[in-house]
Amino acid sequence: MTSELVITLAKYGVMFLVFLNVAPIMNWVERRACAYIQDRPGPNRVGPFGLFQPLADVAKFMFKEDVTPAAADKVLYLMAPALALLPAFTTFVVIPFGPDITVAGEAVRLVVANVDTGVLLFLALSSLSVYSLVMAGYASNNKFSLLGSVRASAQLISYELALTLSVLAALIPAGSFHLAEVVAWQREHVWSVIPQILGFLVFLIAAFAETNRLPFDLPEAESELVAGFHTEYGSMRFALFFMAEYTNMAALSALGVTLYFGGWSLPWIEYPHNLLGGILGLATLVAKIAICMAIFVWVRWTFPRFRYDQLMRLGWKVLLPIAILNLILVAAMTLAGWL
Amino acid sequence: METLIFFLFAALALGSAIVVVVHRSPIWATLSLVLTLFCVAVLFVLLGAPFVGALQVLVYAGAIVVLFLFVIMLLNIQREESAHAGRGAQLWVALVGAVVFLGMLGLGFWRGGFPAVGPLTPESVSLKALAAELFSRYLLPFEIVGLLLLVAVIGATVAARRPGETGSLEAKVGDEEAPS
């Protein structure tokens, strides 16, 4: 029991370290990439290529004055940023990050929570992330914040259905909620993105909406709502929201590559079943997540923002029917034995 | 360890359930409801039913209560409005409801006693076993529930239309959501 606990904690520690570093690195990547896209240098003064800019930012956040609005609901106002991090740092426990390995005579399955309900746990925890946005907007007692929160909750319900249906379709061929089984199926057959291109497109669009990224960043649309739900937040509290956003993006990317792009594995390559194989698996997963994050940044600085009614229409009238169609198609193909 | 977790989350569930009923601010009540649902989900997991626990969080805490919050914030209800029926009437209705509920519970235990439940095995709580039961022995009730939900959805759509109004619902929604 104790060794099991230690192994689980060690696995969580590894994943935690990976996901903890997402936000500072993405802070630099996002600013440099947007500068590149807009044909300007971007932050390049602190350290080589401006690499130490995130450290300077953290120092700045630490020393800024921490203001709580007088009319705010104090308890909820203080709780919201902390709650934002909770789903961000728990969802990745169901993502497998390597083959089954043997270390010091102990068989280890490289997934933090080795449970049957894998994907459902991910979806359940990530669906709680909207509460921090809603709490922040309501507690700030500010019109712009409240509007941002209302938008966030409406957007989440509209896109969660399409997201869940596309995830469900991706699980059908493997016949299991356990993501390790999904990866195993893809290693035996083919990356799911090929038979399920429709489902992948729905997942991709819904993922942008779920993480409140442009073109769907209506909850914080800066040209209409100042900064949306976090208008009243400054210093480290703002930094926590910022961190949660990027960590959520990374977690959803991890789910996406695990469902559609073989997760930690590469086609035709067998990793050794020891510590080296585990490290290679983790490196593969991180590389795939990095590609996804680059696409997130690229899209953000390329597309204009959707209008709110367009966002709702797209979710209910386009994505949901396509997701249902994809579900039926995949189920039929699996029954016919094509997958 | 498990007993400790059980008592912690059971107490939390009861405490937050009381806040749901008592608190004057609708937002606080709704957020407490989320906490209650989450704690009950933890209890499901402790009982060896992680599937039910995950669904509880996903469907209730993740979707339905978000809808509650959305409506509350859209209508901008700051404080509980004084109920149309007086406080006294409310109390009596609550008392009658509580007595009926306790009576039903008592009747159930009196008739069935406390059935001895064997230890849970991985087979008895597996998703496959659940699905097999649901889609074979309980197929008819399952389909009826589906039909009932469909009727409710259609009913809500019809009820949302103002009487005497013609034209599609879509046109109306489009008008309301168009940016000014």
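1. In this predicted model, helix 2 of chain A passes helix 12 of chain A in a right-handed crossing (the near helix is turned clockwise from the far one by less than a right angle). The axes of helix 2 (residues 22-37) and helix 12 (residues 275-300) of chain A come within 10 Å and cross at roughly 40°; axes are lines fitted to C-alpha atoms over the stretch in contact, and angles run from 0 to 180 degrees between N-to-C directions.

2. Helix 11 of chain A contributes residues including A:Y246, A:M249 and A:V257, while helix 12 of chain A contributes, among others, A:L285, A:I289 and A:F296. By class, the contact has ten nonpolar, two polar and two charged residues.

3. The second largest pocket holds about 2000 Å³ of space. Of its 48 lining residues, A:A113, A:V115, A:L121, B:V45 and B:P50 are the closest to its centre; lining residues have an atom within 4 Å of a pocket point.

4. Elements of both chains, among them helix 1 (2-20) of chain A and helix 3 (50-75) of chain B, each supply at least two residues of the lining of this pocket. Helix 1 of chain A gives the largest share, seven residues. The lining divides into 33 nonpolar, nine polar and six charged residues.

5. Residues are numbered from 1 along each chain as its sequence is written, and chains are lettered from A in the order in which they are written. Local features need pLDDT of at least 70 and side-chain atom pairs pLDDT 80 or more, whereas totals for linings use all residues; side-chain values use heavy atoms, without hydrogens and water.

Definitions and conventions:
Helices (H or I, at least four residues) and strands (E, at least two) are DSSP runs, numbered from the N terminus. On a 1 Å grid over the protein atoms alone, a cavity is a set of points where a 1.4 Å probe fits but cannot get out, and a pocket is an open set with protein on both sides within 12 Å along at least five of seven lines; lining residues have an atom within 4 Å of a point. Grid points are joined across faces, edges and corners, and a volume is the space filled by probe spheres set on the points. Ala, Val, Leu, Ile, Met, Phe, Trp, Tyr, Cys and Pro count as nonpolar, Asp, Glu, Lys and Arg as charged, and the others, Gly among them, as polar. Contact means heavy atoms within 4.5 Å.
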